[in-house]
Amino acid sequence: MNFKHYEKPASLDEAYALLVQESNSALLGGGAWLKFRNNKFDILIDLSSLELDKIKEDKEKIIIGANCTLRQVETNELVIKKCPMLVQALKTIMGMTIRNLATIGGSIAGKFSFSDILAPLLVMETNLVFYKEGVVSLQEFLSNKKFPKDILISIEIKKENYVSYYKTVKKTALDFAVLNIAILKGEDLRIAVGARPGIATRAFESEKKESINDITNSILDEISLSSNTRASVEYRKELLKVYIQRGLKEVFSNEN
Amino acid sequence: MKINFKLNGRNEAWNINSNEYFLDTLRNHNILSVKRGCDTTSCGVCTVLLNGKPVPSCSLLSATVEGKEITTVEGIKADAEVLAKHMGSQGSDQCGYCNPSLALVVYAMRREIKNPSSEDMKEFLVGNLCRCTGYIGQEKAIRMYMEEINESNK
């Protein structure tokens, strides 16, 4: 990654103006993933002066500042209490040191197909708050291929009562996932599969089925998997079949 | 551009290229205890403490260090010596390449977790790889280090 100018704006207005003034500008979270990209940006915009690194709550939701590091999120008392599945997923991401650098905003805005947190966030009721666009559901943000340049300010997760299951399969502890699965059972059943290797996606059709068998068969149909250097589609299919069943058994027994 | 920051308690003002990563900045200023192993945040040997928190310096943009505090193993001498003594006694010190980063992370760990279980330790240290050992001797050495430091702090 290369850039011509490094800017550290003191206000969101300033940051947004910089972002839209140059077509070849980029926002800097932790910068860990940006490092691997071949881009040559004109302006790199550091958001760390904007105090987007707080975690708070109101009656309905947990509000996580986009510039919080992953480690900050996973060690936060509120998040541990109210979003344990997110904490579980965060702890599987590489090692503690990179999680002290990478931000949750960068991890979401990057729309990474290898992401370990998108599947859990998709089954929780997660909204993103942008500077210009305002509140956008995570689902909408991920599906919108033409989302305009904007600054992610915070992530809002609705407080709900549920039991959950999260599984990530990695060949070594520090590798990208071969597959990850998030299941949430509250008033309804929600299932998301990520690193397929495609980006995390909800299984809306399968969620409507009743029995573990029906849901599993439907998932294998509904969720498209493919091969990459990490694993073959056949292997991913086996993993999906087994872990969906295990996860469903666990949430169905735990909810009683 | 110039960055003003604290290195091991001392005020520094260094000239850097805006594109530089802090691992190179440190080594260009002769802080050679910080190593390059993978350049992709996977190995841990480039770890430094940024405002007390372990981060991979290979992926830390030097421009962002402005106004912050950096600690390398040179800045935790007393702790490093106790750890080194126990690493030596357990035979878990072979090529030494991972040692400086391990010292920093273990120092951060004892300040963050009071009585780490084996699981806690594995979780905290998973990103600090050692190619020579099987980590068993290291865990023993770390426990002996923590015991000694906690005793002396009483």
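Let's start inside chain A. Strand S8 of chain A, residues 152-158, has five of its seven residues buried, so it is largely enclosed by the rest of the structure. Buried means under 20% relative accessible area, with a 1.4 Å probe and protein chains only. Strands here are DSSP runs of E, at least two residues; helices are runs of H or I, at least four; both are numbered from the N terminus.

A word on the source. This is a predicted model: local features need pLDDT of at least 70, side-chain atom pairs count only at pLDDT 80 or more, and totals for chains, interfaces and linings use all residues. Residues are numbered from 1 along each chain as its sequence is written, chains are lettered from A in the order in which they are written, and side-chain values use heavy atoms, with hydrogens and water left out.

Back to S8(A). Which strands pair with it? One is S5(A), residues 61-65, which runs antiparallel to S8(A) and is joined to it by five bridges. There, Lys61(A) has Lys158(A) as its bridge partner. Another is S6(A), residues 126-130, also antiparallel, over five bridges. Here Thr126(A) stands opposite Ile157(A). Pairing requires at least two DSSP bridges between two strands.

Next, Glu74(A). Its place is in helix H2 of chain A, residues 70-74. Is Glu74(A) buried or exposed? Buried, because its relative accessibility is 1%. Its side chain makes a polar contact with the side chain of Arg99(A), at 2.6 Å. A polar contact is a pair of N or O atoms within 3.5 Å; within protein, one must be able to donate a hydrogen and the other to accept it, and residues adjacent in sequence count only if both atoms are side-chain atoms. Leaving out residues up to four places away in sequence, Glu74(A) touches Ile80(A), Val87(A), Leu90(A), Lys91(A) and Arg99(A). Contact means heavy atoms within 4.5 Å.

Lys91(A) takes us to chain B. Its side chain meets that of Glu123(B) in a salt bridge, 3.1 Å from N to O. The term means a side-chain nitrogen of Lys or Arg within 4 Å of a carboxyl oxygen of Asp or Glu. How many salt bridges are there between chain B and chain A? Three. Seven residue pairs are in polar contact across the interface, both residues at pLDDT 80 or more.

Finally, who takes part? Chain B gives 27 residues to the contact and chain A gives 23 residues.

Note on methods:
Buried < 20%, exposed > 50% of the residue type's maximum accessible area, 1.4 Å probe, protein only.
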